[in-house]
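Hi,

Here is the structure I said I'd pass on.

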Amino acid sequence: MMVAPALFMRAAASQGLGRMGPMMNAQAGAALLPARSFQRSLPIPPQLRGDRRDGVLHFALSAQAGASELVAGLRTPTWGYNGSMLGPALVVPRAQPVRVEVRNGLAQSTTLHWHGAIVPGAADGGPHSPIQAGGTQRIGFTLDQPGATLWFHPHPDTRTGAQAYAGLAGLLLVDDGVDRRLGLPHTWGVDDIPVIVQDRRIAADCTLLYMTSMHDLMGMKGDRFLVNGCEQPYVTVPAQHVRLRLLNGSNARIYNFAFDDGRAFQVVASDAGLLARPAAT
């Protein structure tokens, strides 16, 4: 029990993610005012469909540092893929060979793990496959599995939580064409909307706070809530069925989602693919 805190604190310190110590500075986030509700438009991650060459789809991802306006009017240092926060949505057709070139522009090693994807161990991006700082790794696989909403994120030894908390995450959409044949909404950002939910703790100096309390060892939870890297955004949708692709990208928090008027969702899929029939919940 004495080793774990040291590992977590060292991981966070190497990120520059905020104040380190046995207890959180209670005044660290006190100067931040609550967000003005629903004043900012929901950011929509761009889709990448790859560059087809010789029968293979080629993608390029770069893990990099930047700054993001998580809270309106404040710039927070963050990490992202091909940008300063989160990453693009990779659209991969079922049974299509894929090659991904991953560049590590960070000052520490990382990996790229394909969460929910059925890939060989050598391509899975676990702690055994580090990409050194400044290095590049080429990953190949073929996703022969039903269409599904998956995601990718880092999975390095002792730094997985810290790197994901800094913002490294992106959607992986396995496309088998079945949802379109069934008539499900499929216009990205219009009636097919990604909803990546994360909780974060932000200091008065706008930096992310990570593992600043001994309670965080039971699971890092924040007190501000982001959707697609933005606090309390809104989205205007057409008067029709709308598909929401929910991703819990938080480090430890579990959510209950509901409409404020009590209407039901129709759940049509999980991360394993489409359900046999819609389920109201």
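Below are some notes on the nonpolar cores and the salt bridges.

Before you dig in: this is a predicted model, where local features need pLDDT of at least 70, side-chain atom pairs count only at pLDDT 80 or more, and totals for chains, interfaces and linings use all residues. Residues are numbered from 1 along each chain as its sequence is written, and side-chain values use heavy atoms, with hydrogens and water left out.

Cores to begin with. I use "nonpolar core" for a set of buried Ala, Val, Leu, Ile, Met, Phe, Trp, Tyr and Cys residues joined through side-chain atoms within 4.5 Å. Buried is under 20% relative accessible area, exposed is over 50%, and partly exposed is in between (1.4 Å probe, protein chains only). The largest nonpolar core has 28 residues, and the members touching the most others are W114, F141 and L172. Two or more residues each come from β4 (56-68), β5 (76-81), β6 (89-93), β7 (97-104), β9 (136-142), β10 (148-153) and β11 (170-175). β4 gives the largest share, four residues. Helices (H or I, at least four residues) and strands (E, at least two) are DSSP runs, numbered from the N terminus.

Ignoring neighbours within four places in sequence, L172 is in contact (heavy atoms within 4.5 Å) with L90, V92, W114, A117, L143, A148, T149, L150, W151 and F152. Apart from this core lies another one, of 21 residues, with M85, V91, I196 and I202 among them.

Now the charged pairs. There are eleven salt bridges in the structure, each being a side-chain nitrogen of Lys or Arg within 4 Å of a carboxyl oxygen of Asp or Glu. A few to look at:

- D144 and R94 pair up at 3.1 Å, N to O. They link distant parts of the chain, 50 residues apart: D144 sits in the loop between β9 and β10, and R94 in the loop between β6 and β7. D144 counts as exposed at 53% relative accessibility, while R94 is partly exposed at 38%.
- R180 meets D175 at 3.2 Å, N to O. Here R180 is partly exposed at 39%, but D175 is buried at 16%.
- R224 and E231 have their closest N and O atoms 3.1 Å apart. R224 is buried, with a relative accessible area of 9%, and E231 is buried too, at 7%.
- D179, D192, R243 and R245 are joined in a salt-bridge network.

Cheers
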